Amino acid sequence: STLIDIIMGLLTPTKGKIFIDDIDLYDKKNENFLINWRYSIAHVPQNIFLADCSIENNIAFGVPENKIDFKKVLFASKNAKIHNLIKKFDLGYKTFVGERGISLSGGQLQRIGIARALYRENNILVFDEATSALDVTTENYIIKNINKVAKEKLLILVSHRLNNLTNCDLIYIINNGSILESGAPE
């Protein structure tokens with residue numbers, strides 16, 4: 001998670017440098033580059049924050065109510081495999097989740113977080129153990145959909161389950177801050 005925070009521009013590395021297209025991400029002369037880099041990323045952490053508002057507002061988090069694109073909300077929720085559950089609620093997408101999503105399970109929270117990332121349509125998707133609370137069948141479905149949706153995007157997956165990484169171009173196995181192994185999946 002620390003490496004992910006450094007890559008996303010949230011933590012400054014204590015040693016070494018991070019280059020994006022040959023530009024030092026943390027060069028003080030390029031502060032706008034760092035800001036733009038951060039805005040290009042949609043991050044799904046293991047622990048999702050939900051505001052005490054509707055499911056729709058949580059998926060389109062930060063977008064004013066009158067500017068929410070409901071077609072994008074539907075697309076994102078279907079690809080995050082949360083749409084069918086939401087339809088069962090009396091108020092559907094207008095259902096309030098309670099403070100920090102208290103009324104939802106861990107897997108449901110994660111799927112709303114994934115839908116939020118997909119709604120944003122950023123060029124870079126970072127999933128940091130974003131499916132750890134899901135059952136294997138749901139997780140496989142979502143990973144398959146994310147791979148389809150993210151074809152033209154940079155997708156960074158952090159997972160303890162190697163089967164989630166089979167469609168990745170490169171895999172790095174990291175333990176205690178060191179790269180133990182790297183390469184393309186077999």
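Reply: A nonpolar core is a set of buried Ala, Val, Leu, Ile, Met, Phe, Trp, Tyr and Cys residues joined through side-chain atoms within 4.5 Å. The model examined here is a predicted one. Its largest nonpolar core has 34 residues, and the members that touch the most others are Ile 59, Ile 114 and Phe 127. Two or more residues come from each of β3 (41–44), α3 (55–59), α4 (70–79), α6 (106–120), β4 (124–128) and α7 (136–149). Of these elements, α6 gives the most, namely seven residues.

Leaving aside residues up to four places away in sequence, Ile 59 is in contact with Val 73, Ala 76, Ser 77, Ile 86, Tyr 93, Ile 112, Ala 115, Arg 116 and Tyr 119.

The pairing of α4 with α6 may now be considered. The axes of these two helices come within 8 Å and cross at roughly 135 degrees. Because of that angle, α4 is oblique to α6. The crossing of α4 and α6 is right-handed. On the α4 side, Lys 72, Val 73, Ala 76, Ser 77 and Asn 79 make the contact, while α6 contributes Ala 115, Leu 118 and Tyr 119. The residues of this contact comprise five nonpolar, two polar and one charged. As a general matter, nonpolar side chains tend to be buried together in soluble globular proteins.

Note on methods:
Residues numbered from 1 in each chain as written. Predicted model: local features only at pLDDT ≥ 70, side-chain atom pairs only at ≥ 80, totals over all residues. Heavy atoms only, no water. Buried < 20%, exposed > 50% of the residue type's maximum accessible area, 1.4 Å probe, protein only. Helix = DSSP H or I, 4+ residues; strand = E, 2+ residues; numbered from the N terminus. Contact = heavy atoms within 4.5 Å. Axes fitted to C-alpha atoms, helices over the stretch in contact; angles between N-to-C directions. Parallel < 35°, antiparallel > 145°, perpendicular 65-115°, else oblique. Left-handed = near helix turned anticlockwise from the far one by under 90°. Nonpolar A, V, L, I, M, F, W, Y, C, P; charged D, E, K, R; others polar.
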